[in-house]
Amino acid sequence: MNNFTYVQAATAQEATGLRKATPTAAYIAGGTTLLDLMKANLETPSQLVDINHLPFKGIEATTDGLRIGAMERMSDVGEHPLVVQQYPAVSESLLLAASPQLRNMASIGGNMLQRTRCGYFRDAAFACNKRLPGSGCPAQHGDHHNLAILGTSAACIATAYPGDLAVALAALDAVLTLESAAGKQRKVPVAAFYLLPGTTPQRETVLEPGELIVAVTVPAAAHARRSTYLKVRERASYAYALASAAVGLDVQGGIIKSARVALGGVGTRPWRSPEAEKVLTGAPATEATFRAAAAAALHGAQPLNDNRYKVELAQNTLVQALLKVAG
Ligand SMILES: Cc1cc2nc3c(=O)[nH]c(=O)nc-3n(C[C@H](O)[C@H](O)[C@H](O)COP(=O)(O)OP(=O)(O)OC[C@H]3O[C@@H](n4cnc5c(N)ncnc54)[C@H](O)[C@@H]3O)c2cc1C
Ligand code: SF4
């Protein structure tokens, strides 16, 4: 790990000012992602700007829906009664993530910016287009059993965001509030926050240098109240998703009035599926409909030898999640 200085910021202006003054500085919240990357020499900030004292707090109902401050901890949000009752997919995605100790440390903003678990990215001895553009992608002919089958490119097949929360947020039309160094705020839907790898896998989000995540807002809706997050992983104690599904349905008289679907663990970014939602909307809430939606969601999958199993796994995960909320 390189040497670095440490400074606390009390306001957003102070934090962005410090980043502007030292472009090689990095924000630190819970540190559960950043410190791992620093120990592996994958991130080498010259200064850590501690943003834990920024007033990006609150878990509250507003006229826009649920508003969560970026500095709130995963455990507090996942266990909050408003989130549990009105946005179950968000609560479940948080409580199925990581371990209790990690969830007590980790912030909502930091969760959105966690990095891929691709083993080649995390080991500087290997080439990796995401870490060193143009160096190659050994995963394509090597170990890719846990990598993506949707949205991949010749340059990168990683699940760039390997976590859970952003999948639920993408499904439920959540919007991030970002604040620039100039103090300007802008809003970006979670589904548009993450970029496809294309030829530039090193660029993962639309976040500009020094920009802060302030909060996330989830619109209130019938399909949000009737939502769930289902995660399939290699061990139940804690592990990243091999496949996951966040779904929300509004069913009236046996007919689906509105549907929201996103997949995790299978896309290069949290994978919202308008194709599945189109099949579901206006159709009877039956297993046959859910199977057709799952086929549509995975239609464009481009698996390799060792992650081909994810096509069926993701389809079955999605069907089970839909059966759960429809039941
Ligand atoms: C062993 C292990 C298992 C895990 N399992 C899961 C899992 O199953 N599911 C899951 O979803 N996650 C999992 N995680 C990831 C975990 O959720 C993240 O590490 C955590 O959410 C990051 O939050 P943090 O506050 O600690 O971020 P930090 O490590 O402090 O920061 C992460 C990055 O975000 C930046 N950042 C932080 N906050 C902001 C902000 N407000 N604005 C702009 N930039 C910001 C930092 O500069 C840094 O680049 C796991 C992590 C570990 C170590
Ligand atoms: S899949 Fe992406 S992150 Fe993994 S080695 Fe290839 S370029 Fe790097």
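Through how many residues does a hairpin join S4 to S5? In this predicted model the hairpin joins S4 to S5 through two residues, and strand S4 (residues 59–62) pairs with strand S5 (residues 65–69) in the antiparallel sense over four bridges. Because this is a predicted model, local features need pLDDT of at least 70 and side-chain atom pairs count only at pLDDT 80 or more, whereas totals for chains, interfaces and linings use all residues. Residues are numbered from 1 along each chain as its sequence is written, while chains are lettered from A and ligands numbered from 1 in the order in which they are written.

**Strands and hairpins**

- Helices (H or I, at least four residues) and strands (E, at least two) are DSSP runs numbered from the N terminus, and two strands pair if DSSP finds at least two bridges between them.
- Leu176 stands opposite Val188 in S7, and the bridge partner of Leu176 in S8 is Val216.
- The hairpin of S6 and S7 has five residues between the strands, and there Gly183 takes a positive phi near 85°.

**Burial and exposure**

- A residue is buried if 20 or more other C-beta atoms, placed from the backbone, lie within 10 Å of its own, exposed if 12 or fewer do, and partly exposed in between.
- Strand S6 is mostly covered, with four of its five residues buried.
- Helix H5 (residues 88–95) has six of its eight residues buried, so it is largely enclosed by the rest of the structure; the buried residues are Ala89, Val90, Ser91, Glu92, Ser93 and Leu94.
- Pro23, found in the loop between helix H1 (12–21) and S2, counts as exposed because it has 9 C-beta neighbours inside 10 Å.
- Pro23 and Gln47 are 24 residues apart in sequence and 9.3 Å apart in space, C-alpha to C-alpha.

- The domain assignment of the protein gives domain 1 (1–55) and domain 2 (223–326), with bounds that come from an automatic or database assignment, and 37 Å separate the centres of the two domains, taken over C-alpha atoms.
- Leu263 touches residues including Val167, Trp271, Ala297 and Leu318, not counting residues up to four places away in sequence, where contact requires C-beta atoms, placed from the backbone, within 7 Å.

**Ligand shells**

- A residue is near a ligand if its C-beta atom, placed from the backbone, lies within 6 Å of it.
- Of the 31 residues around ligand 1, Gly30, Ala97, Gly109, Gly110 and Gly163 come nearest, and the elements that give two or more residues to this shell include strand S2 (25–28), helix H7 (108–112) and strand S8 (212–218).
- Of the 15 residues around ligand 2, Cys118, Tyr120, Cys128, Cys137 and Cys156 come nearest.

Key:
Contact = placed C-beta atoms within 7 Å.
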